[in-house]
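Here is a short briefing on one protein model. Please keep the sequence and the structure open while you read.

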Amino acid sequence: MRVAALARIELTEAEIDRLAGELDVIASAVARVSEVATPDVPATSHPVPMSNVMRDDVPVTPLPVADVLAAAPDARDGQFGVPQILEEDA
Amino acid sequence: MNDVVDYEEAVAAFDPVLGIEVHVELGTRTKMFDGAPVAFGGEPNSRVTPVSLGLPGSLPKVNRAAVESAIRIGLALGCEIAESSRFARKNYFYPDMPKNFQTSQYDEPIARDGHLDVELADGTLFRVEIERAHMEEDAGKNTHVGGDAGRIHSAEYSLVDYNRAGVPLVEIVTRPITGAGARAPEVAAAYVQTLRDIFRVLDVSEARMERGNVRADVNVSLRPSPEAPLGTRTETKNVNSFRSIERAVQYEITRQAAVLLSGGTVVQETRHWHEETGETSPGRVKSDAEDYRYFPEPDLMPIVPDRAWIEELRARLPELPAARRRRLQAEWGFSDLEMRDAAGALDLIVETVAAGAAPAAARKWWTGELARVANSRGATLEELPVTPVQVAQLVALVDAGELTERLARQVLDGVLAGEGDPADVLATRGLRVVSDDGPLLAAIDDVIAANPDIVERIRAGRVQATGALVGSVMKATRGQADAGRVKELIASRLGV
Amino acid sequence: MSTLVGTTAAELARLLAAREVSSVEVTRAHLDRIAEVDGEIHAHLRTAAAEALAAAERVDAARSRGEGLPLLAGVPISVKDNVVTRGLETTAGSRILEGWIPPYDATVVTRLRAAGMPILGKTNLDEFAMGSSTEHSAFGPTRNPWDTGRIPGGSGGGSAAAVASLQAPLAIGSDTGGSIRQPGAVTGTVGVKPTYGGVSRYGLIALASSLDQIGPVARTVEDAALLHEVLAGHDPLDSTSLDAPVPSFSAAVRDADVAGMRIGVVRELGGEGYQEGVRASFETALGLLADAGAEIVEVSCPSFDYALAAYYLILPAEASSNLARFDGMRFGLRIEPSDGPVTAERVMAATRGAGFGDEVKRRIILGTHALSAGYFDAYYGSAQKVRTLIQRDFAAAFERADVLVSPTAPTTAFRFGEKLDDPLAMYLNDIATIPANLAGTPGMSLPSGVSEDGLPVGFQVLAPAHEDERMYRVSGVLERLLEERWGGRLLDVHGVNGGAR
């Protein structure tokens, strides 16, 4: 299932079958929404309108390296060990 | 090994079109969306906060200084600064991406619709249209580690350091660059170099390509003629120097031409430049490569730059390289050719002039004798152990008649050898021009006495023969005579 | 059972300030209560007894030194497990975060600590806050103290059940589509979703960034208001955080008077699909408010009929992106595929396949699809337009009414398993609560009585953005009137004290 690959989730056959059917849920939600989502209506991404929320370029104390690596499944030489990466950087 | 055709053949058959994406790392003190400090090097993973590590629950906040730098870059490139600019999520999975999405900008970039007039080596100006400049964050650094041969579970793996994750980047995207023809490779390199110069003048980044502060991805496509629609393009990454850019573009043109001329089609793909072999190779073709599922970043509010702020930034922009070159040329009274000649030593000449030398003399020394020395040593002009002030002192000594050009070169050798300022070298080596006629006349009389037949010829009207006498006098005075003066004195001595 | 358990936070604060009781006593009493009943209720995923008692001791010591302390200092509290707590395991109800010890505190947790409130433990939730019943927790469901064969609501069933069963006087929840309010309704407790941006989201494990809010869970309106005051306020770490002074919500509760207020009944949030007993309880409450001098008006918000559809496009889309970071590379679960090459890509996919539950996978897949190339405008883009319409309908309604009201949820607590096989039926639980999340307006639920099945019903009050005080005002009055009618608090009157009735 292409979407599962995009979402990086390994699904079983049974899960794929079930979920493929449920994508129809989306279709009906879309149909519903399209009834009123006409071109003249602007989209709202943020419930509360604010702008220019910025911070000063002042450093803060970083996390101690030990804390950063504490939860790592595979910490090596102060870095995160990750398995072989096949794909090229985008 | 790819098939290629001759470059001349390629550009004769096709019209190359370029697209260049440049990423510049901003030299801010902290990251784009959090306060983790930014610095070069350092212990891995020592400069992250929960935000730059993408920990669950973390939230971004925009760095005002990064926005200011982005706006200044946009202004320097003649762009319109957006009335309202938004961040967007670019979603894809990669281990160096803590959130597995990059907070970037999509359809509301901070700047758009600019241009850059790029000056090529021969002085030709080429205009590159700039589509947009936007802000985004850098990813961490992967270091690939090969597997141990011989071990059963010889797993290749990578080590990830997130210090760089979240560093502010500005990405500058050109419109398709058309009309460069056979000069496309040169244009590409010159464009990136010009951008680099601008970043430095603006002081928004250290802008060192070799440190990755400036990165370029080059898109190349070919079409049968300028009237034809655009061809399929490839994107080449990993070009880490201006020279590489030029070589990579040239290579891609020849490779694509070979493909097209043999009846094939160019594959739209990302390619990787190999510096050692001078070739590009294909990257992995990804089925979901283009589906980044962009949507507006819900955790950040739009940036609505105050117009007064923008005008203030515009007013405070430093003189950009092109404008500076025009001004200097006018001030110095150089011809276009002379200006081009001076291009490689501009700052040094400026400083030498500031120290009192005439522009022409300054240019002559830096682009002449000093360039020759630098070349022979395999060094840059800046690396030579002589300062603009010292060059100005040298010029002053020549102007005052205390040194001839020839003697000046010897003095320069002394300065380069670390013997001190020109005046010191002159004193130590005793290289002063003999300007006192007395000793000169003595030497001249000796030479006249020793060369009666030449004297005969001179008296008989063969004035050119004076040259031989002059030469002997120069030898006798170990070159410390002013040849012109010697010649005058001989003539008056002989009554001719 | 200690009498301290079941006492309101306001009363505990008074007792603590008067030094009639110590924080250690109060905290220990609640820890004992948890030990006594939570084996059955399973409101808590873990407790932090040692740290809670240490915090209580520090408060007691400060108090005995005569230091001035915040109002709720010494009053213990439980925290929903999608709120990050430093040094204390935080799982968001998911296997993919099992064992994760955060290296930092959420801002709200920092505020709780600064307020001197010992943290008893972390409460159960639907995995990553996706659900309306807490049945989707990877660590087992929470049981409704009113009837342990029924759900306590979701996603914040743990916090609501903890408070309802007297394990904690107060709790923290999060509300994305009703996850504080709906559990409040089905457990007979009070739950509040503040104006979006009113409480910091820094440290809340994000579900849908533009909808999520952290809020108070309590047994009384005044308690919720007091806790809300501790939590609210500008946070420089959260770019969506409002920068405005925090009003006194508790003063609004105390000064409560609804004479002359216009109460808008939303036509679309009621009627068919709402259980008979729920409607009846709602009408009764409305009558009391009218008797107290409020004017009841009917308003119509037609776009609310599209709210559910819009929500189910926006939430999965944002969630799919927010949950991408759970990949086994930096923290949490890492699963290596049992066969084939061990690559980063395959480890990520295997980890997420094994670590996420069904509902989470469903929403991530739907959300990924909704954002996919070619679908954006039709799906996510259109849904954001419905948001605009909903905001407009709210604005128009608030011209004609000071607050809007509705039943909080269409039904009372249903039985375990009843809606598990029908996701759409499950989603309908949120039908009355979702509009406020989409608009960013505040909402709260308080108990209005029990239905014919003897289960609690919630009454929802909605106010305009930044007018949270108004809903506290109306709720304060209603609570007082209802308790007069009942002769006490609903939980006490119905003898809900932790076990099955």
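Start with a salt bridge: Arg18(A) pairs with Asp358(C), and the closest N and O atoms lie 3.7 Å apart. The cut-off for such a pair is 4 Å. The rule finds 2 salt bridges across the interface of chain A and chain C. Keep in mind that this is a predicted model.

- Residue pairs in polar contact between chain A and chain C number 13, counting pairs with both residues at pLDDT 80 or more.
- Sorted by class, the side of chain A that touches chain C holds 33 nonpolar, 5 polar and 11 charged residues.

**Extent of the A–C interface**

- Chain A brings 49 residues to the contact, and chain C brings 60 residues.
- Together, chain A and chain C bury about 4700 Å².
- Carbon and sulfur atoms account for 68% of that buried area.

**Backbone points in chain C**

- Which residues does a cis peptide bond join in chain C? Gly154(C) and Ser155(C) are the pair, with omega about 5 degrees.
- Ser155(C) sits in the loop between strand E3 (119-123) and helix H5 (157-164) of chain C.
- Phe128(C) is placed in the loop between E3 and H5 of chain C.
- Phe128(C) has a positive phi, near 55 degrees, and is a residue other than glycine.

- Chain B has 17 helices and 15 strands.
- Is chain B a compact globule or more spread out? Its radius of gyration is 31 Å, well over the 23 Å that the globule rule gives for 496 residues, so chain B is more spread out than a compact globule.
- The C-alpha trace of chain B spans about 100 × 60 × 55 Å along its principal axes.

**Chain B: domains**

- Chain B divides into domain 1 (7-313), domain 2 (319-429) and domain 3 (437-494).
- How far apart are the centres of domain 2 and domain 3 of chain B? They are separated by 33 Å, taken over C-alpha atoms.

Definitions and conventions: Residues numbered from 1 in each chain as written. Chains lettered and ligands numbered in written order. Predicted model: local features only at pLDDT ≥ 70, side-chain atom pairs only at ≥ 80, totals over all residues. Heavy atoms only, no water. Domains from an automatic or database assignment. Contact = heavy atoms within 4.5 Å. Buried area = accessible area lost by both parts, 1.4 Å probe. Salt bridge = Lys/Arg side-chain N within 4 Å of Asp/Glu carboxyl O. Polar contact = N/O pair within 3.5 Å; in protein donor to acceptor, adjacent residues only side chain to side chain. Nonpolar A, V, L, I, M, F, W, Y, C, P; charged D, E, K, R; others polar. Helix = DSSP H or I, 4+ residues; strand = E, 2+ residues; numbered from the N terminus. Rg over C-alpha atoms; globule rule 2.2 N^0.38 Å.
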